[in-house]
Amino acid sequence: MKLLSRFVMANLLLVLLSGCSNVPKQISTAPADDIQLNEIKGQVDSFSAQQVRWGGEVVSVENNNDSSIIQVVQYPLNHYGKPITNQPSDGRFLAKTTEFIDPVVYKEGTILTFTGTLDGEAVRMVDKKELSMPVINVSTMYKWQPYRTVQRDPFYDPFYYNGFYPYRGYYNRYWYHPRFGYRYYY
């Protein structure tokens, strides 16, 4: 009985903590149709006013008096709605919003996810080529924080290098290397 109550408490705690996500609900759940960029190529007008959830990497930001337009390279989304940047892209799209988008905050390479409605297409220059890109009117936008990897020494020993005195002070007198745990000789 005691084991069962611990199991129930652990599961309850897990459920409560899993609900503490800071990703907006609109971003984490796909719309009912879940139209992708590759499905609407050349026929954007037939999908007008459809709900979409797209994401990708910022290429440029244009600010006008009445709106801001973000040019984005599209990438497929994972189950949380975060763009998977190591997957192939289906192209570019434009995200239009009435809010001011600071080009310093949303600089090139920033990872974003948008929800909104399709609103036709617009022509933009990419190098010396004109491209027709679908435009979405943004209802929700989420900026993903960059993931930084930590480079560690392959022979890292957390009990030696963290300053824990008994291990470092006492044992290091007898063993010449903290990784092996015994004396070694050449």
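## The largest pocket

In this predicted model, the largest pocket is lined by Leu37, Ile40, Lys41, Gly42, Val44, Gly91, Arg92, Glu121, Leu131, Ser132, Met133 and Pro134. The volume of this pocket is about 160 Å³.

Two strands, β3 and β5 (129-143), each supply at least two residues of the lining. Strand β5 gives the largest share, four residues.

## The aromatic cluster

Three aromatic pairs are present in the structure. In one of them, the ring centres of Trp54 and Phe93 are 5.2 Å apart and the ring planes stand at 65°; because planes over 60 degrees apart count as edge-to-face, this pair is edge-to-face. Trp54 belongs to strand β1 (residues 51-63) and Phe93 to strand β3 (residues 91-97), so the pair ties together parts that are 39 residues apart in sequence. Trp54 and Phe93 are both buried.

Phe93 also pairs with Phe114, again edge-to-face, with 6.0 Å from centre to centre and 90° between the planes. Phe114 is buried, as is Phe93. Together, Trp54, Phe93 and Phe114 form one aromatic cluster.

## A charge over a ring

A lysine side chain is also placed against an aromatic ring: the charged end of Lys143 sits over the ring of Tyr106, at 5.4 Å from the ring centre. Residue 143 falls within the range given for strand β5 (129-143), the strand that contributes four residues to the lining of the largest pocket.

## Confidence in the model

The protein chain has an average pLDDT of 80, and 70% of the residues score at least 70. Confidence is highest in strand β2 (residues 68-75), at a mean of 96, and lowest in helix α4 (residues 165-170), at a mean of 47.

Across residues 161-177 the pLDDT is below 50. In the model, this stretch has 20 contacts beyond near neighbours in sequence. Where pLDDT is low, predicted coordinates should not be read in detail.

Technical notes. Residues are numbered from 1 along each chain as its sequence is written. Side-chain values use heavy atoms; hydrogens and water are left out. Rings of Phe, Tyr and Trp (its six-membered ring) pair if their centres lie within 6.5 Å; planes under 30 degrees apart count as stacked, over 60 as edge-to-face and the rest as tilted. Buried means under 20% relative accessible area, exposed over 50%, partly exposed in between (1.4 Å probe, protein chains only). A charge sits over a ring if NZ of Lys or CZ of Arg is within 6 Å of the ring centre and within 35 degrees of the ring normal. pLDDT is the predictor's confidence in each residue, from 0 to 100. Contact means heavy atoms within 4.5 Å. On a 1 Å grid over the protein atoms alone, a cavity is a set of points where a 1.4 Å probe fits but cannot get out, and a pocket is an open set with protein on both sides within 12 Å along at least five of seven lines; lining residues have an atom within 4 Å of a point. Grid points are joined across faces, edges and corners, and a volume is the space filled by probe spheres set on the points.
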